[in-house]
Amino acid sequence: MGKYIVKRLLSLIPVLIGVSLIVFFMVRLIPGSALQMYMGTQVEATPEQMEQLKRLFGEDKPIPVLYIEWVGDIMRGDFGYSLRTGRPVLPDILSRLPISLELTLYSLVLALLIGIPLGILSSLKQDTFGDFLNRIIGLIGLSLPQFWLAALMVIAFSSSQGWIPMGNYVSLFENPLQNLKMFFLPSLAIGFGFAAVVMRYTRNSMLEVLQMDYVRTAKAKGLPKRKVIIIHALKNAILPVITVTGFNAGYLLGGSIVIEEVFALPGMGRLALYAINQRDYPVIQAIMLVIASLFVLVNLVTDLVYAMADPRIRLVDEEK
Amino acid sequence: MHETTILQVEGLVTEFKSERGIVNAVNKVSFDLERGQTLGIVGESGSGKSVTNLSILRLIEYPPGRITGGKVLFHDQDLLSVSENEMLSIRGKHISMIFQDPLTSLNPVIKVWKQIAETLMLHQGMKKQEAKKQAIELLRIIGIPDPEMRAECYPHQFSGGMRQRVMIAMALSCNPDILIADEPTTALDVTIQAQILDLIREKKEQYQTSVIMITHDLGVIAEMCDQVCVMYAGRIVERAGVEALFGSPKHPYTRGLLESIPRMGNVGTQRLHSIKGSPPDLANLPPGCPFRDRCDKAMDICASQLPPEVVLQEAEGERTVACWLYPQEGKHGRA
């Protein structure tokens with residue numbers, strides 16, 4: 001098991017090389033360089049000044065050379081400096097990462113807390129009014145864009161004290177209750193669509209599992225219905241839900257970028273958005289590397305959780 | 001009800017709603033199970049043998065299935081009219097079941113000992129540790145080598161025969177009055193089949209359990225049973241002691257079944273007999289005897305009227321048959 005985890009972590013390296021290549025060249029394909037963004041249209045500069053600025057903004061060398069220099073810096077743990085603020089990139093990202101992570105985790109937990117029980121209920125009351133209502137709400141949840149839901153929430157709750165963050169961010173360790181309250185609506189906006197996905201997966205999976213022979217065995221033992229469902233059926237029905245949760249965790253992280261903007265939460269997504277607007281290459285590149293690493297880690301965690309939930313799966317080294 | 005009768009099924013009717021209408025999977029089935037006896041129920045697929053037994057434990061899913069008539073008398077109470085809660089204390093404790101496919105019948109994500117201990121904790125009020133010890137003991141009794149280690153395994157780590165042993169351990173854990181074995185050997189290798197049948201017989205004698213053995217294998221019936229019910233299209237068409245049934249089958253269907261067993265001496269010299277045609281569509285049963293289209297003794301009356309069960313008195317005891325070849329009630333049947 002330990003060997004397996006190490007191997008999976010080592011697979012981070014090629015992923016990161018690929019991501020770094022793509023990101024590095026892609027951001028430079030966006031029209032307008034960092035320097036142009038900085039200069040705007042008004043400012044005049046002498047050729048000497050322009051030379052200096054170009055060196056400062058790293059536009060004096062060919063892009064492949066810049067890439068190699070950048071990778072070399074990162075190997076030494078130096079993620080460079082923001083072209084806009086002049087501050088080192090890494091501390092800025094690390095201070096914002098917890099907000100994005102909390103938002104993602106929170107929305108994940110909300111989605112599971114809403115989706116799984118509703119999915120179970122729907123499967124037990126298959127084709128009744130409640131089931132149809134559930135499925136219709138689920139369909140709506142799937143179809144609503146997150147940012148639209150978020151905007152509606154801001155409008156609806158803007159007068160309610162403490163529900164909308166609006167710039168007065170409080171960390172989880174300072175005041176847990178207020179933090180959770182403040183993050184509730186943004187997380188719900190991100191997680192609502194995913195809750196619908198979880199609900200549908202749970203429902204379909206339960207419907208299938210409830211037909212299985214071992215559920216009949218459990219009933220024949222004389223177990224009450226509640227135990228049959230929770231112990232015998234749900235343990236099996238949850239497996240596809242774990243898989244889909246793993247897939248979607250990355251998607252939720254992406255969703256947090258837009259939602260942080262709507263709710264004015266100082267997370268990594270907001271930082272990325274500004275960096276892209278300003279062509280702040282070092283910041284964009286660093287953020288993308290962090291997100292790619294998180295993606296790989298989430299996949300690893302999903303596989304580990306799945307292996308714990310399903311004893312038939314054994315994690316073995318892939319090459320054999 | 002005799003003193004020795006432990007279970008009495010009377011006029012049991014179970015129907016299923018299907019797209020093509022109501023299907024009477026079990027149609028007025030009656031039989032008695034004597035204490036310590038093994039009763040065989042034989043018939044082809046879809047004849048209603050499994051549904052009959054699921055109905056006894058009220059394990060028919062509604063919808064689409066529903067028990068619409070009859071009585072199941074066990075210890076002077078009708079299981080079809082007791083509350084669901086009372087039913088919970090009968091299932092697994094007084095009447096338990098083992099199923100055809102032990103791979104799909106055991107929960108794949110729960111350790112073997114837990115699946116056995118669950119029943120003990122539920123019905124015997126054991127604590128977890130005590131139940132675990134007892135579960136390991138049951139595994140030992142049932143012939144699982146190295147039970148302490150195997151108890152920690154999951155079902156997929158067991159062979160088919162081992163899994164069926166686990167099922168039997170689970171079913172016998174509370175020392176039930178009745179064990180219903182629904183095709184317990186169908187999914188197993190022939191050599192394992194014999195072991196499992198031996199095990200069931202041994203435990204049955206040890207614990208004085210009455211057994212209902214559902215099978216389509218007449219070999220199993222001959223080896224295990226005292227009494228036999230032959231089912232066809234949701235009805236019992238013949239019921240007799242095992243020797244009487246094999247010695248002188250009365251119903252043309254039973255005869256057909258017995259003739260389709262290959263015999264050693266005839267191999268290569270004679271074509272194997274088969275019953276022509278296929279079972280009738282239960283959703284669309286014509287009037288009269290459901291077997292008449294496949295019967296070589298069919299008469300005019302068979303097309304219009306359902307044959308009643310006729311009781312035949314023989315030297316070995318009572319037997320019944322539902323066929324117009326035996327019209328007079330109470331008289332001796334022709335051999």
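Where does UniProt place the feature "transmembrane region" in chain A? I looked this up before anything else. The record, an unreviewed entry, puts it at residues 12–30, 103–124, 136–163, 183–202, 237–259 and 283–306 of chain A.

**Ground rules**

I am working with a predicted model, in which local features need pLDDT of at least 70, side-chain atom pairs count only at pLDDT 80 or more, and totals for chains, interfaces and linings use all residues. Residues are numbered from 1 along each chain as its sequence is written, while chains are lettered from A and ligands numbered from 1 in the order in which they are written.

**Chain A, overall**

I listed the secondary structure of chain A and got 13 helices and zero strands. Here helices (H or I, at least four residues) and strands (E, at least two) are DSSP runs, numbered from the N terminus. I then took the extent of the C-alpha trace of chain A, which spans about 90 × 60 × 35 Å along its principal axes.

Next came burial: 33% of the 320 residues of chain A count as buried. I call a residue buried if 20 or more other C-beta atoms lie within 10 Å of its own, exposed if 12 or fewer, and partly exposed in between, with C-beta atoms placed from the backbone.

I also checked contacts, meaning pairs whose C-beta atoms, placed from the backbone, lie within 7 Å. Among those in chain A between residues at least 6 apart in sequence, 76% join residues at least 24 apart.

**Two of the annotated spans**

I compared the record with the model at two places. Residues 12–30 of chain A are 84% helix and 0% strand, with end C-alpha atoms 27 Å apart. Residues 283–306 of chain A are 100% helix and 0% strand, and their end C-alpha atoms lie 35 Å apart.

**The bent helix**

A straight helix of 34 residues would span 50 Å at 1.5 Å a residue, but α9(A) spans only 39 Å between its end C-alpha atoms. The expected span is 1.5 Å times one less than the number of residues. I found a kink of about 45 degrees in α9(A), centred on A:Gly191. The bend at a residue is the angle between axes fitted to the seven residues ending there and the seven starting there.

**Where the chains meet**

I counted the contact between the chains: 18 residues from chain A and 24 residues from chain B. On the side of chain A that touches chain B, α10 (213–220) and α11 (225–262) each give two or more residues. The largest share, six residues, comes from α10(A). That side of chain A divides into seven nonpolar, four polar and seven charged residues. For these classes, Ala, Val, Leu, Ile, Met, Phe, Trp, Tyr, Cys and Pro count as nonpolar, Asp, Glu, Lys and Arg as charged, and the others, Gly among them, as polar.

**Strands of chain B**

I turned to an open sheet of four strands in chain B, with the order β2-β1-β4-β5 and antiparallel pairing. β2 (21–34) and β5 (77–78) of chain B stand at the edges with a single partner strand each, so one side of each has no neighbour in the sheet. Two strands pair if DSSP finds at least two bridges between them. Strand β1 (residues 5–18) of chain B is joined to β2(B) by ten bridges, and B:Thr14 has B:Val26 as its bridge partner in β2(B).

Is strand β3 (residues 38–42) of chain B enclosed or open? Five of its five residues are buried, so β3(B) is largely enclosed by the rest of the structure. B:Thr38, B:Gly40 and B:Val42 point one way from β3(B), and B:Leu39 and B:Ile41 the other way. β3(B) runs parallel to strand β8 (residues 210–215) of chain B, with five bridges, and B:Leu39 stands opposite B:Ile212. With strand β9 (residues 227–232) of chain B, β3(B) pairs in the parallel sense over four bridges.

A:Arg279 sits in the loop between α12 (268–277) and α13 (281–309) of chain A.

How values were computed
Two residues are in contact if their C-beta atoms, placed from the backbone, lie within 7 Å. UniProt positions are given in the numbering used here, feature names are shortened, and annotations may be inferred rather than shown by experiment.
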